[in-house]
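Welcome to this tour! Open your viewer, get ready to select residues, and follow along stop by stop.

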Amino acid sequence: LSSSMEIHLYRNKDLGPQEEHFHDFYEMFFLVEGKVTFLIDENEYAMNREDVLLLPPGIFHREIPGPGDYERVLLRLNPWYLNRLSTRKTNLASCFVFSEERGYLLKAEPFERDRIRAVLYAILRETKGSDFGRDVLIEAELKRLLILLNRCWSLNIPAEKADTQDGGKNLQEILRYINQHYTE
């Protein structure tokens with residue numbers, strides 16, 4: 001779209017492994033269909049359908065797709081643009097900081113996955129159009145997406161940390177229940 005952000009929907013079949021690389025921008029990877037493993041910092045991250053991978057700038061990574069159909073959405077954000085979208089109270093880049101601390105892979109609850117997918121597809125639709133207010137709506141949806149991702153990270157306690165924390169599993173269950181039933 002511009003030097004501030006890009007969003008792409010890619011569809012491939014039997015795509016081979018990609019070369020290790022890094023970016024000078026933030027990257028969000030949403031797996032729509034298929035299987036893929038990412039190699040990051042000598043760790044493997046096996047992704048399933050509708051998992052999210054968040055990569056801050058400068059992180060070396062390698063994408064190894066599984067056989068068959070492979071569909072994903074890639075969102076790339078320039079750091080200065082992400083900073084501009086943020087406020088003094090709300091740093092929208094926090095989800096990328098959390099990812100670096102907690103392991104890059106976000107496995108959201110099913111209802112959260114639906115919301116993330118819906119916002120991504122809304123952004124994709126707007127990028128293809130030329131309707132009035134397109135730029136404003138893209139930016140609004142992008143902010144919404146980043147808020148959702150940050151909220152998901154705040155509820156996503158890694159299993160290995162939950163096991164070692166006193167009552168960690170109970171806390172995780174309580175947070176998920178509140179998030180799913182907040183309107184009640």
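**Stop 1: the largest core**

Start by selecting L142, L145, L146 and L149, the residues with the most contacts inside the largest nonpolar core, which has 33 residues. A nonpolar core here is a set of buried Ala, Val, Leu, Ile, Met, Phe, Trp, Tyr and Cys residues joined through side-chain atoms within 4.5 Å. Buried means under 20% relative accessible area, with a 1.4 Å probe and protein chains only.

Next, colour the elements that each supply at least two residues of this core: strands β1 (5–13), β2 (26–33), β5 (52–55) and β7 (69–77), and helices α1 (79–85), α2 (94–102), α3 (110–128) and α4 (134–155). Helices (H or I, at least four residues) and strands (E, at least two) are DSSP runs, numbered from the N terminus. Which helix gives the most to this core? Pick α4, with eight residues.

A word on what you are viewing: this is a predicted model, where local features need pLDDT of at least 70, side-chain atom pairs count only at pLDDT 80 or more, and totals for chains, interfaces and linings use all residues. Residues are numbered from 1 along each chain as its sequence is written, and side-chain values use heavy atoms, leaving out hydrogens and water.

**Stop 2: around L149**

Now select L149 and show its contacts (heavy atoms within 4.5 Å). Leaving aside residues up to four places away in sequence, L149 touches M28, V52, L54, C95, L106 and I116.

**Stop 3**

Finish with C95 and C152. The structure holds zero disulfides (pairs of cysteine sulfur atoms within 2.5 Å). For C95, the nearest cysteine sulfur is that of C152, 9.7 Å away. C95 counts as buried because its relative accessibility is 0%; C152 counts as buried too, at 5%.

Notes
Buried means under 20% relative accessible area, exposed over 50%, partly exposed in between (1.4 Å probe, protein chains only).
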